[in-house]
Amino acid sequence: MAAAGAARAAGRRSRQLFDIFVAEVPWTVSSKELKEYFSQFGSVQRCQLPFDRDTGFHRRFCWIKFSTPEDVQNVLKKDSHILEGSKV
């Protein structure tokens with residue numbers, strides 16, 4: 001019984017994601033491009049780029065979800081991030 005509980009806990013930890021909030025995303029950048037850019041810092045599991053239902057455009061911010069906290073630290077070590085000429 002205890003082994004099953006430990007296995008479930010280990011499974012939950014392995015699915016835990018570590019995310020960063022990215023603001024000022026240029027209108028022309030897609031979630032695929034964001035995922036490609038941030039993958040240089042670690043394993044990107046998901047990119048959430050919310051869209052406005054009324055305008056159809058994304059809302060110029062997103063969340064990038066990484067596998068490990070070290071991946072997040074790799075992103076934060078870089079002074080600035082430039083996408084399509086704009087600092088995010």
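This is a predicted model: local features need pLDDT of at least 70, side-chain atom pairs count only at pLDDT 80 or more; totals for chains, interfaces and linings use all residues.

Q: What makes S1 and S3 a pair?
A: The requirement is again at least two bridges, and S1 and S3 (residues 61-66) have 6 bridges in the antiparallel sense.

Q: Why are S1 and S2 called edge strands?
A: The open sheet has 3 strands in the order S1-S3-S2, with antiparallel pairing. S1 (18-23) and S2 (44-48) each pair on one side only, and they are therefore the edge strands. From one strand to the next, the twist averages 20 degrees.

Q: Why is S3 described as largely enclosed by the rest of the structure?
A: A residue is buried if its relative accessible area is under 20%. In S3, 5 of the 6 residues are buried, and the strand is therefore largely enclosed by the rest of the structure.

Q: Which helices lie across strands of the sheet, and at what angles do they run?
A: Helix H2 (residues 31-38) lies across S1, S2 and S3 and runs at about 145 degrees to S2. Helix H3 (residues 69-77) lies across S1 and S3, and its angle to S1 is about 25 degrees.

Q: Is His81 buried or exposed, and how do you know?
A: The loop between H3 and strand S4 (82-83) holds His81. The cut-off for a buried residue is under 20% relative accessible area. His81 has a value of 9%, so His81 is buried. Beyond the residues up to four places away in sequence, His81 touches Tyr37, Phe38, Phe41, Val75, Ser86, Lys87 and Val88.

Q: What makes the approach of the His81 and Tyr37 side chains a polar contact?
A: A polar contact requires a pair of N or O atoms within 3.5 Å, one able to donate a hydrogen and the other able to accept it. The side chains of His81 and Tyr37 are joined at 2.8 Å, a value within the 3.5 Å limit, and the term polar contact therefore applies.

Technical notes
Residues are numbered from 1 along each chain as its sequence is written. Side-chain values use heavy atoms; hydrogens and water are left out. Helices (H or I, at least four residues) and strands (E, at least two) are DSSP runs, numbered from the N terminus. Axes are lines fitted to C-alpha atoms, for helices over the stretch in contact, and angles run from 0 to 180 degrees between N-to-C directions. Contact means heavy atoms within 4.5 Å. Buried means under 20% relative accessible area, exposed over 50%, partly exposed in between (1.4 Å probe, protein chains only).
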